[in-house]
Amino acid sequence: MTSSSVPGLARFNTSGDSEASAALHEVCSSSAWGSKLLAQRPYATVEALFSASDAAMAELTADDLADAMAGHPPIGRPKPGDPTSSREQSGMAGASDELKVEMLELNLAYQDKFGHVFLICATGRTGEQMRDAVRERIGNSPEQEREIVRAELGKINRIRLTRLVEEESA
């Protein structure tokens with residue numbers, strides 16, 4: 001699909017820098033990632049936007065990754081008034097109290113080990129799948145986990161970019 005056949009992509013391509021930057025910040029809180037995507041506008045296709053996102057994600061430093069992770073609340077505790085996190089973490093919404101307590105404990109153990117929130121592309125995952133993932137990943141080295149987080153952020157960014165370019169104009 002070309003930019004002209006995707007109204008949201010055309011709108012993103014032609015919006016002012018501050019508006020586009022704000023929209024990108026909602027997708028990913030890494031300013032380095034957002035700056036790289038902003039600088040490459042206009043995008044001919046959604047796939048070109050995704051490719052630019054993936055390339056920018058691959059280039060993020062450890063500090064840039066930390067900036068990106070800072071925009072994500074812990075699994076099971078979306079920020080109040082944040083419909084994006086609530087939607088993405090909907091697999092925890094119907095979780096039992098026992099599972100919610102276990103996720104809190106696992107989140108804290110993970111954060112103690114790695115120094116940041118457990119990050120996973122939660123869209124479409126159940127609470128149990130997220131719990132199993134944190135249990136598995138807590139045994140990783142910091143280097144392994146950094147690359148897994150980079151991949152998970154890339155998946156999240158693609159989902160959020162899709163929503164950005166598919167949204168109808170207000």
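Colleague: How should I read E145 and R137: as buried or exposed?

Modeller: The general idea is a scale of relative accessible area: buried means under 20%, exposed means over 50%, and partly exposed lies in between, with a 1.4 Å probe and protein chains only. In this structure, E145 and R137 are both buried. Please note that this is a predicted model, in which local features need pLDDT of at least 70 and side-chain atom pairs count only at pLDDT 80 or more, while totals for chains, interfaces and linings use all residues. Residues are numbered from 1 along each chain as its sequence is written, and side-chain values use heavy atoms, with hydrogens and water left out.

Colleague: What do the side chains of E145 and R137 form where they meet?

Modeller: Side chains of opposite charge can pair when their charged atoms come close. A salt bridge requires a side-chain nitrogen of Lys or Arg within 4 Å of a carboxyl oxygen of Asp or Glu. E145 and R137 form such a salt bridge, at 2.4 Å from N to O.

Colleague: How many salt bridges does a search of the whole structure find?

Modeller: The search finds 11. One of them joins E47 to R158, at 3.9 Å from N to O.

Colleague: Where do D132 and R135 lie?

Modeller: Both are in helix α8 (residues 127-137), three residues apart, which is about one turn of the helix. D132 and R135 form a salt bridge whose closest N and O atoms are 3.8 Å apart. D132 is partly exposed, with a relative accessible area of 38%, and R135 is partly exposed at 42%. These two residues also belong to a network of salt bridges that links E102, R131, D132 and R135.

Colleague: How many disulfides does the structure hold?

Modeller: A disulfide is a pair of cysteine sulfur atoms within 2.5 Å. The structure holds zero disulfides. C28 is in none, and its nearest cysteine sulfur, that of C121, is 13 Å away. C121 likewise is in no disulfide, the sulfur of C28 being its nearest.

Colleague: Are these cysteines, C28 and C121, buried or exposed?

Modeller: C28 is buried, with a relative accessible area of 2%, and C121 is buried as well, at 8%.

Definitions and conventions. Helices (H or I, at least four residues) and strands (E, at least two) are DSSP runs, numbered from the N terminus.
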